[in-house]
Amino acid sequence: MSPRSNSSSVPRSGRLAGSPAVRRDGKWCLVVGSGSVIATDPAFTGELDRFAALMAAADQSVAVLRTAQGDPLASRSRGRR
């Protein structure tokens with residue numbers, strides 16, 4: 001299944017990998033010090049969704065590997081960067 005078709009793996013809120021892209025209430029916003037703007041371009045927001053899904057899958061894979069290796073911090077560090 002492609003990440004684009006699996007919107008359930010896209011976080012409902014939060015900053016995307018240290019970028020100015022933030023997901024709030026199911027909408028992507030670009031946030032800077034002077035304010036924010038809602039992203040409305042479907043191609044752009046689709047790419048943000050795809051990237052967020054890939055990041056979530058990568059985080060999950062790392063957590064699984066850490067757990068398998070007996071890393072005591074694995075359960076505490078999930079989803080954090």
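Modeller: Happy to; we can start with the overall layout and then look at some details.

Colleague: Great. Where does the model come from, and how confident is the predictor on average?

Modeller: This is a predicted model. The protein chain averages a pLDDT of 80, and 73% of the residues score at least 70.

Colleague: Where does pLDDT stay under 50?

Modeller: That happens over residues 1-8, for which the model has 7 contacts beyond four places in sequence. Where pLDDT is low, the predicted coordinates should not be read in detail.

Colleague: Good to know. How many helices and strands are there in the protein chain?

Modeller: You will find 2 helices and 4 strands. Following the sequence, the pattern is β-β-β-β-α-α.

Colleague: Which way do β1 and β2 run, parallel or antiparallel?

Modeller: They run antiparallel, with 2 bridges joining β1 (residues 14-15) to β2 (residues 21-24).

Colleague: How many bridges join β2 to β3?

Modeller: There are 4 bridges, and β3 (residues 27-32) runs antiparallel to β2. For example, Ala 21 has Leu 30 as its bridge partner in β3. These strands also form a hairpin, with 2 residues between them. Here Asp 25 takes a positive phi, near 50°.

Colleague: New topic: I clicked on Arg 23. Where is it found?

Modeller: Arg 23 is in strand β2.

Colleague: Is Arg 23 buried or exposed?

Modeller: Arg 23 counts as buried because its relative accessible area is 14%, and the cut-off for buried is under 20%.

Colleague: What does the side chain of Arg 23 make a polar contact with?

Modeller: Look at the side chain of Asp 49: the two side chains make a polar contact at 3.0 Å.

Colleague: Nice. Zooming out again, how many residues of the protein chain count as buried?

Modeller: The chain has 81 residues, and 21% of them count as buried. As for the surface, the chain exposes about 5800 Å², and carbon and sulfur atoms supply 56% of that area.

Colleague: Last one: what about contacts between residues at least 24 apart?

Modeller: Such pairs make up 33% of the contacts between residues at least 6 apart in sequence.

Definitions and conventions: Residues are numbered from 1 along each chain as its sequence is written. Side-chain values use heavy atoms; hydrogens and water are left out. Two strands pair if DSSP finds at least two bridges between them. Buried means under 20% relative accessible area, exposed over 50%, partly exposed in between (1.4 Å probe, protein chains only). A polar contact is a pair of N or O atoms within 3.5 Å; within protein, one must be able to donate a hydrogen and the other to accept it, and residues adjacent in sequence count only if both atoms are side-chain atoms. Contact means heavy atoms within 4.5 Å. Accessible areas come from the Shrake-Rupley method with a 1.4 Å probe; for residues, only the protein chains shown count as cover. pLDDT is the predictor's confidence in each residue, from 0 to 100.
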